[in-house]
Each structure stands twice: as C-alpha cells, then as structure tokens.
Amino acid sequence: PVLFYFLCSIVLITRTESYFLGVGSLLFVASRALHSYVHCTSNKVMVRFYLFAFSTLTLMSMWIYIWLF
C-alpha cells in the first residue's frame, strides 16, 4: 500500500489524473480488500496469491503509465 499512496500523491501533485489511473486505483483497492476478506475467512492460499498478484500487476501498470506519460 505504501507505493500506492506514493503514486496517489505523485498524481495529485503533478495533476496527471486520467481514467486509466482511476480505474486502476479502484481495481487495486478492490483486489486488496478481497485479499483481506479471503485471508480472514477461508484462507485459501492460491486464491490469496492470485488476488495479490492481480493487485501487484495493477499497481505496476499504473507506475508504468505514470513514467511513460
């Protein structure tokens, strides 16, 4: 989450808001919330891994978008 918070502060400071970053932020937060839900309920490791991997790839794509544009 620290890299996500830092990314959000960079976006706000540089005023580089976009639809892609908005949707990416929602996907990141939703996947992390689902990851926490699975961790607290069934704790199926592979499901948690897929959710974590999805959130990581989402955050990486947002960072790449910021660096390219």
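Visitor: Happy to be here! What is the handedness of the crossing where α1 passes α3?

Guide: Welcome! This is a predicted model, and in it helix α1 covers residues 2-14. Its axis lies 11 Å from that of α3. Where α1 passes α3, the crossing is left-handed.

Visitor: How are α1 and α3 oriented to each other, roughly parallel or roughly antiparallel?

Guide: The two helices pack at an angle of about 30 degrees. Angles under 35 degrees count as roughly parallel. Therefore α1 and α3 are roughly parallel.

Visitor: How many nonpolar residues are in the contact of α1 with α3?

Guide: From α1, the residues are L3, F4, F6, L7, I10 and V11, and they meet L59, M62, W63 and I66 in α3. By class, this contact has no polar and no charged residues, and its nonpolar count is ten.

Visitor: And α2 with α3: are they roughly parallel or roughly antiparallel?

Guide: Helix α2 (residues 19-40) and helix α3 (residues 45-68) pack at about 160 degrees, with axes 9 Å apart. Because angles over 145 degrees count that way, α2 and α3 are roughly antiparallel.

Visitor: How many charged residues are in the contact of α2 with α3?

Guide: On the α2 side, the residues include F20, L27, R32 and H35, while V47, R48, F52 and Y65 are among those in α3. The contact has 14 nonpolar and eight polar residues, and its charged residues number two.

Visitor: Which accessibility class does C40 fall into, buried or exposed?

Guide: The relative accessible area of C40 is 65%. The cut-off for exposed is over 50%, so C40 counts as exposed.

Key: Residues are numbered from 1 along each chain as its sequence is written. This is a predicted model: local features need pLDDT of at least 70, side-chain atom pairs count only at pLDDT 80 or more; totals for chains, interfaces and linings use all residues. Side-chain values use heavy atoms; hydrogens and water are left out. Axes are lines fitted to C-alpha atoms, for helices over the stretch in contact, and angles run from 0 to 180 degrees between N-to-C directions. Helices (H or I, at least four residues) and strands (E, at least two) are DSSP runs, numbered from the N terminus. Angles under 35 degrees count as roughly parallel, over 145 as roughly antiparallel, 65 to 115 as roughly perpendicular and the rest as oblique. Contact means heavy atoms within 4.5 Å. Ala, Val, Leu, Ile, Met, Phe, Trp, Tyr, Cys and Pro count as nonpolar, Asp, Glu, Lys and Arg as charged, and the others, Gly among them, as polar. Buried means under 20% relative accessible area, exposed over 50%, partly exposed in between (1.4 Å probe, protein chains only). A crossing is left-handed if the near helix is turned anticlockwise from the far one by less than a right angle, and right-handed if clockwise.
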